[in-house]
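Here's a quick briefing on the salt bridges in this protein model. Take a look at the sequence and structure first, then read on.

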Amino acid sequence: MNSIKSFSDHTQCGRLEVHLVGGFSDDRQLSQKLTHQLLSEFDRQEDDIHLVTLCVTELNDREENENHFPVIYGIAVNIKTSEIYRASFQDRGPEEELRAARALTGGPMISIYDAETEQLRIGPYSWMPFPHVDFWLQQDDKQILENLSTSPLAEPPHFVKHIRSTLMFLKKYPSPANTLFLGNKALLYKKNEDGLWEKISSPGS
């Protein structure tokens, strides 16, 4: 919260606004639990926070043949006009396989964007070799979908391909600290003049 407020230290007006979009009525009620955690955390803040958009769980749910699916899978924000709209993304940013590998091995959710420097800071990460990675790579799409997804029926079309790619990455890099993060340094990216992410040197490298 402090990092967000630091961008408006120079002004006395305005307010903190929150837009929550995502999740659906999944069988394991993971969306409901996450929504409750988020709202509870905002409620604990000392700042006056205004909830402007709430499109979560049953409010973002549609039912088809007794199965539940999200209505909205992704959103984008026009920071000049504050317009929020539905969106899908072909490009998921630098080091997608590396970031996905960390998540698949149990890494907690973190923010990798530093708004002050306008850089992505990825890692350094470490994980244990993924158990039975060769076994999972031999499985058909149905087995991967049913066993490596929290909501198999609601996954987007690219899910299985994404998981296979991540498993291949984990097989290739069982110990990333020794191969991907030499000197225990993070991978840094910054957008160039064309708006594309470009790798930059880590401090001291």
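Let's start with Asp141 and Arg164, whose side chains form a salt bridge at 3.1 Å, N to O. The pair links distant parts of the chain, with Asp141 in helix 5 (residues 141-147) and Arg164 in helix 6, 23 residues apart. A salt bridge here means a side-chain nitrogen of Lys or Arg within 4 Å of a carboxyl oxygen of Asp or Glu, and the structure holds 6 of them.

Keep in mind that this is a predicted model, where local features need pLDDT of at least 70 and side-chain atom pairs count only at pLDDT 80 or more, while totals for chains, interfaces and linings use all residues. Residues are numbered from 1 along each chain as its sequence is written, and side-chain values use heavy atoms, leaving out hydrogens and water.

**Who pairs with whom**
- Asp134 and Lys171 also meet in a salt bridge, at 2.8 Å from N to O.
- Asp134 sits in helix 4 (residues 133-137) and Lys171 in helix 6 (residues 159-172), so this pair ties together parts 37 residues apart in sequence. Helices are DSSP runs of H or I, at least four residues, numbered from the N terminus.
- Arg62 bridges to Glu64, with the closest N and O atoms 2.9 Å apart.

**Buried or exposed?**
- Buried means under 20% relative accessible area, exposed over 50%, and partly exposed in between (1.4 Å probe, protein chains only).
- Asp141 is partly exposed at 45%, and Arg164 is partly exposed at 23%.
- Asp134 is partly exposed at 39%, and Lys171 is partly exposed at 46%.
- Arg62 is partly exposed at 35%, and Glu64 is partly exposed at 40%.

Technical notes
Helices (H or I, at least four residues) and strands (E, at least two) are DSSP runs, numbered from the N terminus.
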